[in-house]
Amino acid sequence: MNYSIVAPFYPIEAHEKATSATMVGIIVGSFTFSSCVFAFGVTKIISSKLKFFFFNSGSLIGAVSMICLGMLKFSSPGVPFYVMSIFCRVFSGLGASFLWSSAYPAISSIKTEWVAILAPLVSLSVGFGTIIGPPIGSLIYNFGGYAITFFVIGGFEVVLSLIFMLISFLCNDNVHANEEDVKIQLKSIFRLTINYNMVIISLPLTATVSMLGLIDTVLAPYLVNVLSMTTNNDGLVFAMQSASSGIANLLILPMPRKGYGSIIFAIGPFLISLGGLLFWLQAVFDFLRSIVFVTFCLVLIAFGASAIILNGYLMYEKISLSSNIATPDNLKLIAATWQNIVYSSGGAVGAAFFGGIYYEKVGIFNSFLTIGILALVVSVMNLIVLRSLKLLRKTYFFTGKEEETPLLEGSKKHSSLVNNEMSMDPRTLSLR
């Protein structure tokens with residue numbers, strides 16, 4: 001919810017303080033850039049036994065950073081505003097790095113054989129938060145303005161974070177990371193960066209978050225300055241995008257368990273591309289410049305983003321294990337950290353470059369066009385790799401089933417993997 005209130009309100013406040021589009025992009029992008037940098041550091045200190053501690057700490061840090069972001073209302077324009085904005089976003093990036101590197105391992109450890117459902121539920125909960133964030137933010141904004149909006153929502157998360165930190169403390173989730181585990185985790189992360197299949201499979205998420213970073217940076221000023229919406233109700237457009245994401249999450253949630261996760265994942269980047277290309281058509285046809293058409297484009301992007309984000313984590317787990325880069329013991333942590341790195345780097349590029357430097361040079365329509373074309377190229381590359389890995393068909397992730405297949409007959413090694421703590425379906429091992 002905190003994340004979703006930044007895009008409707010912060011860019012407007014920044015422009016009122018005479019901040020250039022490039023600087024707004026850099027400030028917004030500093031969040032995801034710092035999250036990407038911190039993700040490598042988190043790998044050095046986090047362990048599977050510390051997952052709940054880092055999950056709760058990340059939430060608390062993010063909440064405090066939102067309160068600090070609200071205090072920017074009282075900052076002087078110019079350098080003081082720039083410095084404090086970047087500090088708030090970098091601090092928020094630290095919290096996000098803690099949160100997202102531990103979210104999937106923490107949630108999925110509740111019942112490991114349900115990971116194919118529990119992992120998407122993390123994104124589903126995020127979708128719910130982003131749905132209610134903009135309308136609640138708009139309501140508070142109407143009542144008290146920019147600062148009060150961030151104070152109230154940030155304060156609400158502080159309370160929730162402290163409650164769950166107390167619960168985790170009572171559960172005695174306070175174990176130090178093992179040094180040997182840390183070395184293995186760092187080595188695994190760096191091995192992923194040179195794994196061709198993993199790099200290509202990660203590009204759809206990079207393109208997706210680049211598009212979302214662009215939207216976070218430039219859409220609110222466009223709604224206010226071009227489509228004549230007010231700051232009080234521009235959050236409703238973002239709410240429509242979030243609602244679409246929530247609906248998509250509900251529709252996509254059962255797909256991995258039914259074997260269609262990889263197929264949905266392949267469709268996602270095409271929807272991102274289509275949304276970007278359609279948004280660009282407003283530059284050609286003036287009659288398309290309307291709230292309805294913009295919302296339609298955002299809905300397509302939301303559905304594509306849900307398809308990629310919900311299934312991406314499971315894809316990263318599958319490839320990490322099948323490539324012998326991760327072990328069943330550290331698989332969740334490695335996949336979650338990798339997703340955090342990819343997500344953060346894409347968001348930094350989208351906000352700082354496309355939403356800042358590039359946007360100021362070519363404008364909003366060409367920025368959307370460029371990412372749309374890049375997403376289309378990525379879609380084709382992704383299809384080629386998925387086809388080579390034989391994933392463009394029913395693919396089962398972690399379903400908790402045990403069954404014999406010709407591939408596994410006579411293989412005690414593979415049978416042990418079926419019985420490991422994540423209870424993998426034998427068809428998961430088709431990549432081997």
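Lys390 follows helix α13, and its phi is positive, near 60°. Helices here are DSSP runs (H or I, at least four residues), numbered from the N terminus. This is a predicted model, where local features need pLDDT of at least 70, side-chain atom pairs count only at pLDDT 80 or more, and totals for chains, interfaces and linings use all residues. Residues are numbered from 1 along each chain as its sequence is written, and side-chain values use heavy atoms, without hydrogens and water.

Lys390 is not a glycine. Lys390 sits in the loop between α13 and α14 (412–418). Ala18 also is not a glycine, with a positive phi of about 60°. Its loop joins α1 (6–16) and α2 (21–45). Exposed means over 50% relative accessible area, buried under 20%, partly exposed in between (1.4 Å probe, protein chains only).

| Residue | Relative accessible area | State |
|---|---|---|
| Ala18 | 63% | exposed |
| Lys390 | 55% | exposed |

Helix α13 (residues 364–388) has 25 residues and reaches 36 Å from first C-alpha to last, close to the expected 36 Å. The expected span is 1.5 Å times one less than the number of residues.

Helix α7 has 30 residues and reaches 43 Å, close to the 44 Å expected. α7 bends by about 45° at Val218, with Pro221 following within four residues. The bend is the angle between axes fitted to the seven residues ending there and the seven starting there. Of the 30 residues in α7, 23 are buried.

Definitions and conventions:
Helices (H or I, at least four residues) and strands (E, at least two) are DSSP runs, numbered from the N terminus.
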